[in-house]
Amino acid sequence: MPDATPPPEGQDPIRDPTRDPTLATAVHRRLREDILAGRLPPGRKLKLRDLAGRYGAGASPMREALSKLAAEGLAERLEHRGFRVAAAAHGQLEGLIRARVLAECAALVESIRRGDAAWEEALLLAEHRLRRQARSLDPGRFTTNPDWETCHRGFHQALLAACGAPPLLAFCERLREEAGRYRALANTKAYPNRDVEAEHAAIARAALARDAEAAAALLAEHYERTGALVGADLGQDAGQDMGQDPG
């Protein structure tokens, strides 16, 4: 027979916050976004009490979300000491940059080969919108501009949009997300000296000129430059809260 014991007074048996899978899913999504964006940097201890206050969830959904992040490789379980954000490793970064170069350059070459007038117009518009946004909200130090980030993502998506291979585009998007937390480690090194606007403009010009070889080489350099900035002293910045650097 089913358990007929009534829930504690005032508690909804359907929406018990300690068992709510929807809440655990929402917390997992927010934690994942904060890790990938670098707001929770590599190596940061994930304390349940602090996280519960930050994300408005109890211990049970927080543990469920953290366990899921650990299974995804974004968090690490510490024996008898909870969780922490997965460490950033130089070898992992090198492999990630290499994968992005191989996948996105292949997609870009196909996009240039297959792209029509509508693709050209969309790319022009995406580059124009990106150029109009300030890279940092504070000209004196790097502070993430969410509007720039949105346009930045749109520009890179527009470059590859005509490749005609949705599974490849989905793979490229996953790699872009994974690269986010590494890009966040490079912000103070890249800003304001790195001319990212010029890099984007050069890639767009080569693509619109249908020079696939040049466009792919410029895109590879764009990612490898960010990788070099992060890899120079990866780990020294891992304990700091950081914004996001382009790449």
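Helix α7 contributes the most to the lining of the second largest pocket, namely four residues. The model described here is predicted, and for that reason local features need pLDDT of at least 70 and side-chain atom pairs count only at pLDDT 80 or more, whereas totals for chains, interfaces and linings use all residues. Residues are numbered from 1 along each chain as its sequence is written, and side-chain values use heavy atoms, with hydrogens and water left out.

**The pocket**

A pocket here is an open set of points on a 1 Å grid over the protein atoms alone, where a 1.4 Å probe fits and protein lies on both sides within 12 Å along at least five of seven lines, and its lining residues have an atom within 4 Å of a point. The second largest pocket has a volume of about 260 Å³, and of the 13 residues that line it, Glu-72, Gly-73, Leu-74, Glu-178 and Arg-181 lie nearest its centre. At least two lining residues come from each of α1 (21–36), α4 (90–114) and α7 (166–183), where helices are DSSP runs of H or I with at least four residues and strands are runs of E with at least two. Sorted by class, the lining holds six nonpolar, two polar and five charged residues.

**Helix α3 and the residue after it**

Helix α3 spans residues 59–72, and its 14 residues reach 20 Å from the first C-alpha to the last, close to the 20 Å expected at 1.5 Å a residue; the expected span is 1.5 Å times one less than the number of residues. Pro-61, Met-62, Ala-65, Leu-66 and Leu-69 of α3 are buried, which means under 20% relative accessible area, while exposed means over 50% and partly exposed lies in between (1.4 Å probe, protein chains only). What follows α3 is Gly-73, with a positive phi near 85°.

**The strands**

| Strands | Sense | Bridges |
|---|---|---|
| β1 (residues 45–46) and β3 (residues 82–85) | antiparallel | two bridges |
| β2 (residues 75–78) and β3 | antiparallel | four bridges |

Phe-83 in β3 is the bridge partner of Leu-46, and Val-85 in β3 stands opposite Ala-75. Strands β2 and β3 form a hairpin with three residues between them, and His-80 in the turn has a positive phi of about 65°.

**A loop residue**

Asp-116 is found in the loop between α4 and α5 (117–132), and Asp-116 is partly exposed, with a relative accessible area of 47%. Its C-alpha atom is separated by 8.0 Å from that of Ala-162, although Asp-116 and Ala-162 are 46 residues apart along the chain.

Conventions:
Grid points are joined across faces, edges and corners, and a volume is the space filled by probe spheres set on the points. Ala, Val, Leu, Ile, Met, Phe, Trp, Tyr, Cys and Pro count as nonpolar, Asp, Glu, Lys and Arg as charged, and the others, Gly among them, as polar. Two strands pair if DSSP finds at least two bridges between them.
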